[in-house]
Amino acid sequence: MPENLHKLFVISSPSGGGKTSLINKLFEDSRSLDFEKSISDTTRQKRQGDVEGIDYYFLSEKDFKEKIQKEEYVEYATVFKNFYGTSKREIKKKFKNSNLVLELDWQGAYAVKKLYDDAQLIFLVPPSLKDLKKRLISRNLDSPESIEKRLSEAKKEISKSEKYDFLVLNDDFEKALEDLSLILFERISAFDYDSRVSKDLIKRLVE
Ligand code: 5GP
């Protein structure tokens with residue numbers, strides 16, 4: 001495990017779980033000055049508003065596979081039939097001098113935790129599947145079929161949240177932001193963190 005004084009935070013949520021807007025808001029906080037966001041490679045198509053090098057590095061499948069072969073990834077996974085990966089170069093470049101935030105699915109989070117056992121895994125839990133569906137519809141990026149697929153995938157993802165250090169209820173933007181600030185900037189420990197996510201809620205969401 002690399003020697004590093006900085007901390008690594010992985011944030012996951014089901015698709016449409018609102019993590020991108022929360023993370024963007026966190027980075028507007030002056031306390032985020034010693035934080036960097038890891039930018040992943042992906043083979044998925046650019047969505048409206050996606051910017052190369054800011055949201056992702058968009059790669060062809062051929063180039064992504066070549067990088068897999070050359071062992072250039074810390075971790076990679078297939079999500080909704082597209083490849084997503086965190087490159088070793090990206091981590092090396094950004095983690096040396098800053099704390100690092102990675103926005104990954106559960107497969108990536110588990111892989112990162114294996115490599116950096118000090119990594120803090122944060123899962124944003126929606127208050128209900130109905131709420132998640134509403135968000136997926138309102139962001140207007142997915143077809144009705146894709147929304148259904150994302151919802152069924154969401155159940156699986158939420159079932160993986162048990163291994164995370166922090167379960168943050170995302171029922172209200174400001175409250176979730178406050179919790180994330182406590183975790184990232186105030187460094188509250190998982191032990192002291194008063195999660196509003198109950199075992200019952202998780203059970204209901206994955207049923
Ligand atoms: P989206 O296409 O909606 O931006 O992302 C789809 C999913 O892929 C999200 O759950 C996101 O967190 C995850 N993801 C993004 N980058 C990576 C990565 O580098 N590795 C892994 N394992 N998942 C990623």
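Which residue in the turn of the β5–β6 hairpin has a positive phi? The residue is F80, with a phi of about 45 degrees. Two residues separate β5 from β6 in this hairpin.

The model is predicted: local features need pLDDT of at least 70, side-chain atom pairs count only at pLDDT 80 or more, and totals for chains, interfaces and linings use all residues. Residues are numbered from 1 along each chain as its sequence is written, and side-chain values use heavy atoms, with hydrogens and water left out.

The protein contains eight helices and nine strands. Both are DSSP runs numbered from the N terminus (helices: H or I, at least four residues; strands: E, at least two). The radius of gyration is 16 Å, close to the 17 Å that the globule rule gives for 207 residues, so the protein is as compact as a globular protein of that length. The radius is taken over C-alpha atoms, and the rule is 2.2 Å times the number of residues to the power 0.38. The C-alpha atoms fill a box of roughly 45 × 40 × 30 Å along the principal axes. The accessible surface comes to about 11,600 Å², and 49% of that surface belongs to carbon and sulfur atoms. Areas come from the Shrake-Rupley method with a 1.4 Å probe; for residues, only the protein chains shown count as cover. Of the 207 residues, 46% count as buried (under 20% relative accessible area; exposed is over 50%, partly exposed in between; 1.4 Å probe, protein chains only). Among contacts (heavy atoms within 4.5 Å) with a separation of 6 or more, 68% involve residues 24 or more positions apart.

Two strands pair if DSSP finds at least two bridges between them. Axes are lines fitted to C-alpha atoms, for helices over the stretch in contact, and angles run from 0 to 180 degrees between N-to-C directions.

Within this sheet, β8 is mostly covered: six of its six residues are buried. Q120, I122 and L124 point one way from β8, whereas L121, F123 and V125 point the other way. In a regular strand the side chains alternate between the two faces of the sheet. β8 pairs with β1 in the parallel sense over four bridges. Here I122 is the bridge partner of I11. Four bridges also join β8 to β9, again in parallel. F123 is partnered by L167 in β9, and I122 by F166.

S13 lies in the loop between β1 and α1 (19–26). S13 is buried, with a relative accessible area of 3%. Beyond its neighbours within four places in sequence, S13 is in contact with G18, K19, F123, L124 and E157.

A second open sheet has four strands in the order β4-β3-β6-β5, and its pairing is mixed. The edge strands are β4 (57–58) and β5 (73–79), each pairing on one side only. Six bridges join β5 to β6 (residues 82–87), and the two run antiparallel. T78 has F83 as its bridge partner in β6. Helix α2 (residues 61–69) packs on the sheet, touching β3 (41–42), β5 and β6, and its direction makes about 45 degrees with that of β6. Five of the seven residues of β5 are buried, so β5 is largely enclosed by the rest of the structure.

In α4 (residues 106–115), the buried residues are W106, G108, A109 and V112. They cover an arc of only 155 degrees around the axis, which puts them on the same side of α4. The arc is that of the directions from the helix axis to the C-beta atoms. Their cover includes β1 (8–12), β5, β8 (120–125) and α6 (144–159). In α8 (residues 199–206), L201, I202 and L205 are buried. Their arc is only 100 degrees, which puts them on the same side of α8. K199, D200, K203 and R204 are exposed on the other side. The buried residues of α8 pack against β8, α5 (129–138), α6 and β9 (166–169).
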